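Colleague: Please show me how to read the features of this model one at a time, with the general idea ahead of each case.

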Amino acid sequence: MAKKYKNLGTKFSMRVEDDGIGVISTNGGVYMINGVAIEFLNLLNSQKNSNDIIYEMLKKYDVNYSTILQDYVNTLNQLHDYKFLSTDFYEKKIKELDEK
């Protein structure tokens, strides 16, 4: 069953396959994201700020802050490039990182 995302400045649906890969179909394109990107996407959709998202992921995974930060920024960049995040939403999330 597909989950609808609507708090990211754009609207789309994603389904998660049995192997844990997220599949987003939109405008004739099919995009696949991994489990960590799915978690970031769900946290973004819940309207948490960037720093809360990073710290929530740090509690869950045994990695350092810089690794989670890099994964988060890379995920934001990819989602924005694919037009799953509006520019306003994307810029807001990046700016929040400077507001530690």
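Colleague: At 24% relative accessibility, what does Tyr-31 count as?

Modeller: The scale calls a residue buried under 20% relative accessible area, exposed over 50% and partly exposed in between, using a 1.4 Å probe and protein chains only. Tyr-31, at 24%, therefore counts as partly exposed, and Tyr-82, with a relative accessible area of 34%, is partly exposed as well. Please keep in mind that this is a predicted model, in which local features need pLDDT of at least 70 and side-chain atom pairs count only at pLDDT 80 or more, while totals for chains, interfaces and linings use all residues. Side-chain values use heavy atoms, leaving out hydrogens and water, and residues are numbered from 1 along each chain as its sequence is written.

Colleague: How many aromatic pairs does the structure hold?

Modeller: A pair of aromatic rings is described by how far apart the centres are and by the angle of the planes. Rings of Phe, Tyr and Trp (its six-membered ring) pair if their centres lie within 6.5 Å, and planes under 30 degrees apart count as stacked, over 60 as edge-to-face and the rest as tilted. The structure holds seven such pairs. In one of them, the ring centres of Phe-12 and Phe-84 are 4.9 Å apart with the planes at 45 degrees, so this pair is tilted. It links distant parts of the chain, 72 residues apart, with Phe-12 in strand 2 (residues 12–16) and Phe-84 in the loop between helix 3 (65–81) and helix 4 (87–97). Helices (H or I, at least four residues) and strands (E, at least two) are DSSP runs, numbered from the N terminus.

Colleague: Are Phe-12 and Phe-84 buried or exposed?

Modeller: Both Phe-12 and Phe-84 are buried. Tyr-31 and Tyr-82 also form a tilted pair, at 4.6 Å centre to centre and 40 degrees between the planes. Because Tyr-31 lies in strand 4 (residues 29–33) and Tyr-82 in the loop between helix 3 and helix 4, this pair ties together parts 51 residues apart in sequence.

Colleague: Which residues of helix 4 are buried?

Modeller: An α-helix has 3.6 residues a turn, so residues three or four places apart point the same way. In helix 4 the buried residues are Phe-89, Tyr-90, Lys-93, Glu-96 and Leu-97. Viewed down the helix axis, they fall within an arc of 125 degrees, so they line one face of helix 4; the arc is that of the directions from the helix axis to the C-beta atoms. Asp-88 and Lys-95, on the other side of helix 4, are exposed. The buried residues pack against helix 1 (35–45), helix 2 (50–60) and helix 3, where contact means heavy atoms within 4.5 Å.

Colleague: What order do the four strands of the open sheet have?

Modeller: Two strands pair if DSSP finds at least two bridges between them. The open sheet here has the order 1-2-3-4, with antiparallel pairing, and its edge strands, strand 1 (3–5) and strand 4, each pair on one side only. Strand 1 and strand 2 are joined in the antiparallel sense over three bridges, and Lys-3 stands opposite Met-14 in strand 2.

Colleague: Which residues does Asn-45 touch?

Modeller: Asn-45 lies in helix 1 and is buried, with a relative accessible area of 11%. Leaving aside residues up to four places away in sequence, Asn-45 touches Lys-4, Tyr-5, Lys-6, Asn-7 and Leu-8.
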